[in-house]
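I opened this one to jot down what I could look up, one topic at a time. Notes follow in the order I took them.

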Amino acid sequence: MIVIDNVGSSEAEPPLRRRWLCLLLLLVLIYGSHAPLISLTIVDGRVPFSPSSCVLLIEFIKLMLSFAALVASGNLSGLKISAWTVAPYAVPALLYAFNNNLVVFMQAYMDPSSFQVLSNLKIASTALLYTACLGKRLRLGQWLALGMLVAAGVCHSYSGLDWEASDESAVRLRITSWGLLLVLVYCFISGLAAVYTERVLKTQRLPLSLQNLFLYVFGVGINLASHLSGGGQQGFFEGFSALVWLIIAGQAANGLLMSVIMKHGTGITRLFVISSSMLVNGVLSWGILGIQLTPYFLFPVVLIGWAVYLYYR
């Protein structure tokens, strides 16, 4: 198994490094295009399709592609699978399902803008859990780089607030002590799920396609239960368009490619992908949706570029 901790390191062979950088660039583009594409589907101020149907389809497609990859690899013979092998993959699905519900619950204790800003703390929680649970040691410069990622995320979120709204609809930041506690729990669970997934993928000597199969079996099961319990009035495929299918395909590819990062790279690399995608998000929002970029947008660009240099030098 190839583990690449330093994407830009001269220690990696040039062809391998180029393929790795191409993979990261593709992930950044897919991740960053998600929100602008979702915005293009909005009709009369609402999303015309069922989000739970969309998420369930994404998980199902990832499951089917993982199964197809496993069959195509010919690694089915000689595999010894037990309940103890499969059970650990239920944990990430449960953690992410918990966080998805927590996001909805905590809206009563804070405004969405405060959540968007404070949720950037999951970068710090992931890094702390990464060092504590996986025994990885980071240099001072790398800690500084991760701090810059947090600052870039906060600045990017802050730049999205509409401070020029009228008095009746002006942005009012509001967060209670319960809201602060809940967002800290959210960031901890997010980091824990990422670190736990990385640990399971790397410690088990199984093909990645089989590990993905285990992950998405639980993902499909939990999201199916969530969809059925939602009791929505929309049909399963109601409101689906070519653009919605493009979003589904992109997010399925994103999930599968991200598992490659977690298996052969590190969770910290995943943080850089997510942070860099904010820049793609901003540029696409400007080019496709006509959203005006503010001077605040340039600051995250500088911070993320500097952070990448400090961490991978």
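**Overall fold**

I started with secondary structure: the chain has twelve helices and zero strands. Reading along the sequence, I get α-α-α-α-α-α-α-α-α-α-α-α. I'm working from a predicted model here.

Next I looked at burial and surface. Of the 313 residues in the chain, 46% are buried. The accessible surface comes to about 16,500 Å², and carbon and sulfur atoms account for 66% of it.

Then contacts. Taking those between residues at least 6 apart in sequence, I find that 85% join residues at least 24 apart.

**Confidence**

The pLDDT average for the chain is 83, and 88% of the residues score at least 70. Where does pLDDT stay under 50? I found that over residues 163–171, and the model has seven contacts beyond four places in sequence for them. Where pLDDT is low, the predicted coordinates should not be read in detail. I left that stretch alone.

**Salt bridges**

I count two salt bridges in the structure.

One is Lys62 with Glu59, whose side chains meet at 2.9 Å, N to O. Both residues sit in helix α2 (residues 51–73), three residues apart, about one turn of the helix. Buried or exposed, I asked of Lys62? Lys62 has a relative accessible area of 8%, so I have it down as buried, the cut-off being under 20%. Glu59 is buried as well, with a relative accessible area of 12%.

Lys202 forms a salt bridge with Glu198, and here the closest N and O atoms are 2.8 Å apart. These two are four residues apart in helix α8 (residues 177–203), so about one helical turn separates them. Lys202 is partly exposed, at a relative accessible area of 22%, whereas Glu198 counts as buried at 1% relative accessibility.

**Aromatics**

My tally of aromatic pairs is nine. I looked up Phe236 and Phe237: their ring centres are 4.9 Å apart and the planes are at 75 degrees, so I noted the pair as edge-to-face. How accessible is Phe236? Phe236 counts as partly exposed, at 27% relative accessibility. Phe237 is partly exposed too, at 48%.

I also checked what the two belong to. Phe49, Phe236, Phe237, Phe240 and Trp245 form one aromatic cluster.

**Nonpolar patch**

Last topic, the surface. Which residues make the nonpolar patch of about 310 Å²? I noted Leu40, Ile288, Leu289 and Ile291.

Leu40 lies in helix α1 (residues 14–41) and is partly exposed, at 40% relative accessibility. Leaving out residues up to four places away in sequence, I see Leu40 touching Leu243, Ile288 and Leu289. Leu40 and Leu243 are 203 residues apart along the chain, yet their C-alpha atoms are separated by 8.3 Å.

Ile288 is in helix α11 (residues 267–289), and with a relative accessible area of 42% I have Ile288 as partly exposed.

Definitions and conventions: Residues are numbered from 1 along each chain as its sequence is written. This is a predicted model: local features need pLDDT of at least 70, side-chain atom pairs count only at pLDDT 80 or more; totals for chains, interfaces and linings use all residues. Side-chain values use heavy atoms; hydrogens and water are left out. Patches are made of residues with over 30% relative accessible area and no salt bridge: like charges are joined within 9 Å, nonpolar side chains (Val, Leu, Ile, Met, Phe, Trp, Tyr) within 5 Å. Accessible areas come from the Shrake-Rupley method with a 1.4 Å probe; for residues, only the protein chains shown count as cover. A salt bridge is a side-chain nitrogen of Lys or Arg within 4 Å of a carboxyl oxygen of Asp or Glu. Buried means under 20% relative accessible area, exposed over 50%, partly exposed in between (1.4 Å probe, protein chains only). Contact means heavy atoms within 4.5 Å. pLDDT is the predictor's confidence in each residue, from 0 to 100. Rings of Phe, Tyr and Trp (its six-membered ring) pair if their centres lie within 6.5 Å; planes under 30 degrees apart count as stacked, over 60 as edge-to-face and the rest as tilted.
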